[in-house]
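Here is a short report on a protein model. Read it with the structure in view.

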Amino acid sequence: MSETSLYRVQTQTRASYSAGAVCIALIIVFILLPAFAGRGLIQDLFFIFTMLVLAQFWNLLAGYGGLVSVGQQAFVGMGAYAMFGGVILWGMDPVPAILLGGVAALIVAIPTAFFAFRLQGAYFAIGTWVIAEVMRLLVAQWKVLGGGTGTSLPRTATREMWATEWIQTTFDVRSAAARDILTYWLALALVIMTIAGIYWLLRTKRGLALAAVRDNVEAAKSVGVDAVRMKWLVYLVSAAGTGLTGALIYVQKVRISPDAAFSVTDWTAYVIFIVVIGGIGTIEGPILGVLIFFILQSLLADYGSWYLMVLGLIGIAVMLFAPRGLWGLISEKTGLQLFPVRRRLVVNAQSKTED
Amino acid sequence: MSILSLKNVSKSFGALTVTDDVSFDVEPGQALGIIGPNGAGKSTLFNLITGNLMSDAGTIHFDGADVTHVPPMQRCLSGIGRSFQIPQPFDHLTVFENLLVAATHGQGKSEHEVEQECARILEQTEMADVANDPAGGLRLLQRKRLELARAMATNPKLLLLDEIAGGLTDAECTALIETIKGLHTSGVTIIWIEHVLHALTSVVERLLVLDFGKVIGLGDPDEIMNSREVKEIYLGIEV
């Protein structure tokens, strides 16, 4: 170095190195898991992974972009129906048709964003919900895909799905279990790519811009941040990601109906619950949130509407007593950050000895 | 050639004209002070220059280009930096990150290219010790300093300061004046709105007086301060 700098910038913490190592170990365990685990665990993990991806994208939108959407089910539904369309109308294999889901969600996101971005705050939230309802009603008119009652993936398509034959022989399982393993791996891949992608984004200068826009739009514009472009970026990225996830969920579910695929409870209310109790505006929050959500659901699912009321009460309690979520509470008490995005300016201790 | 040129710029909110046919030029490297009573339209004038507000009529030229209809982000890129009258920090980012946003986006550079420069600005504005603190928790003087530091981080040719000395103690004010003088000496063009007149007149070479959105005086600070209109309107003295 020609010039010895007095300062340097640090972005890693000791905890983040350990977290990185634990992540890699976990990923390896998860990849190999179908060899040991039963079908029930694989299905549970599929549910956890897909909800986590939805939660990460909603968190990107609301927690980082400040765009509180109640209409993410629009993209889950569009993604799922595009996948069904690809399989039923064009005879595609369901696995590549998942990509169609991402593309379809992106395509519907562009025109709807023009409407939604004219609205602010609570109006934006309601607007996105209305858009999702309109899409549900439109899709219910699509008679080839079952109209209002819905349809199932053709048996030939599910039986001959990519790689299922190989999984059947390797793990010695039946076709349905092989499909679960395949979708589980795809969900795992989607989780890893989503978290890695969002983490990467937050650590680039666009991540800084996103935080600046969320904190103060006028000031952000005054320091050269393209606030409008940042909004578009997070809206389109989360639409595409949510669409992919929706398609994947329905490859596993096999059966689709407009009411299920565009369900505001399943794809937005639960997702908001996960992000809010876990901790909005952090990557760790949704991870913690989805685990809590899964445990609550396993414990309370038999109690019907009591279950929803308990979820609501817990949500309210967290908002009152830990507004930054449970991860926010943990992070505040311990200073722990597993995915640090802070740029810390530290005095370069070596600068004196080096010259 | 002047770096900033306003010609017949007007802005109304409903029936209220806040900027009324304002024209003036600023030469490169000059420091211009703007004074006027509360509600005279000083901050609105700044918002028109930065593009946070768009003018209803007239033209604004900056650095040889017509920027009348250019959005604020591009005006920042072309070299207009500003501080806000009420500090507007990015609360959840640290002080250092506040500067990083401004430097990377305001200059279109990578984080690595600007980090040493940001550290230097933090030292210059005496903010290095709070570099890693969240900006939302800062005290008033530090917030004011952050406004200045963040504007400096965009590497502006023209720096707009909006009541940066207001509410500070004399000692704090003196320190801030030194920093601003330093910037001025390094060649940055400055337009400064201020009620703390001794701070203002120790830096600026020209003074502009605004009242009810109109320019009612422009020239040498001493002459302006002694003129009849200013004493009457601004200082409220019957002459």
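## A threonine and its neighbours

T268(A) touches S69(A), V70(A), G71(A), Q72(A), Q73(A) and S263(A), leaving out residues up to four places away in sequence. Contact means heavy atoms within 4.5 Å. One neighbour also forms a polar contact: the side chains of T268(A) and Q73(A) meet at 2.6 Å. A polar contact is a pair of N or O atoms within 3.5 Å; within protein, one must be able to donate a hydrogen and the other to accept it, and residues adjacent in sequence count only if both atoms are side-chain atoms.

T268(A) sits in helix α13 of chain A, which covers residues 264-278. Helices (H or I, at least four residues) and strands (E, at least two) are DSSP runs, numbered from the N terminus. Is T268(A) buried or exposed? T268(A) counts as buried because its relative accessibility is 0%. Buried means under 20% relative accessible area, exposed over 50%, and partly exposed in between, with a 1.4 Å probe and protein chains only.

## How the model is read

This is a predicted model, where local features need pLDDT of at least 70 and side-chain atom pairs count only at pLDDT 80 or more, while totals for chains, interfaces and linings use all residues. Residues are numbered from 1 along each chain as its sequence is written, chains are lettered from A and ligands numbered from 1 in the order in which they are written, and side-chain values use heavy atoms, with hydrogens and water left out.

## Chain A as a whole

Chain A has 17 helices and four strands. Its C-alpha atoms fill a box of roughly 70 × 50 × 45 Å along the principal axes.

Of the 355 residues in chain A, 51% are buried. Take the contacts between residues at least 6 apart in sequence: 77% of them join residues at least 24 apart. Chain A exposes about 16900 Å², and carbon and sulfur atoms supply 67% of it. Accessible areas come from the Shrake-Rupley method with a 1.4 Å probe; for residues, only the protein chains shown count as cover.

## Chain B as a whole

Chain B holds nine helices and ten strands. Its radius of gyration is 18 Å, close to the 18 Å from the globule rule for 239 residues, so chain B is as compact as a globular protein of that length. The C-alpha atoms of chain B fill a box of roughly 55 × 40 × 35 Å along the principal axes.

Buried residues make up 56% of the 239 in chain B. The accessible surface of chain B is about 9500 Å², and 52% of it belongs to carbon and sulfur atoms.

## Two positive phi angles

Which residue of chain A has a positive phi of about 70° although it is not a glycine? That residue is V254(A). V254(A) lies in the loop between α11 (227-253) and β3 (255-256) of chain A. V254(A) counts as buried because its relative accessibility is 16%.

E163(B) lies in the loop between β7 (158-162) and α6 (170-185) of chain B. At 13% relative accessibility, E163(B) counts as buried.

Key. Rg over C-alpha atoms; globule rule 2.2 N^0.38 Å.
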